[in-house]
Amino acid sequence: MANFLKVGRADEIGPGEKKIYEVDGIEVVIVNLDGEYFCLEDVCTHDGGPLGEGELENGHIICPRHGARFDVRTGDALTLPAFEPAPTYQVKVENGDLYVESY
Ligand code: FES
């Protein structure tokens, strides 16, 4: 069963914003989409680009290196040159604190 690690406060990330955290040695990006939080690994599955530094648009995050789009909710790669999904992690908020799944 997954454990959850506290990474910060939920109000550190406003709606439509994102922030990079390290969870158990893995860099992840947490995105706030209209008050719901989603977490993806901060590494593009195409060529290791810094996904968390990409622009957000309509629930997608766009890799700054070659422009592949990923669905923030599912991690699915929506456009080439990436075709493998980005790993995603569950996020929960408790008493205003943000927790990310870890193993
Ligand atoms: S490294 Fe992300 S699209 Fe190439």
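Predicted model: local features only at pLDDT ≥ 70, side-chain atom pairs only at ≥ 80, totals over all residues.
## Aromatic rings and charges

Residues are numbered from 1 along each chain as its sequence is written, and side-chain values use heavy atoms, without hydrogens and water.

K92 lies over the face of F4, at 4.4 Å from the ring centre. The charged end of K92 also sits over the ring of Y99, 5.9 Å from its centre; the rule asks for NZ of Lys or CZ of Arg within 6 Å of the ring centre and within 35 degrees of the ring normal.

## Nonpolar cores

A nonpolar core is a set of buried Ala, Val, Leu, Ile, Met, Phe, Trp, Tyr and Cys residues joined through side-chain atoms within 4.5 Å, buried being under 20% relative accessible area and exposed over 50% (1.4 Å probe, protein chains only). The largest has 14 residues, among which L51, F70 and V72 touch the most other members. Strands β3 (26-33) and β4 (36-41) each give two or more residues to this core; strands are DSSP runs of E, at least two residues, numbered from the N terminus.

A second, separate core of 12 residues includes V7, I13, C39 and L98.

## Backbone features

D24, in the loop between β2 (18-23) and β3, has a positive phi of about 55° although it is not a glycine. D24 is exposed, at 54% relative accessible area.

Conventions: Helix = DSSP H or I, 4+ residues; strand = E, 2+ residues; numbered from the N terminus.
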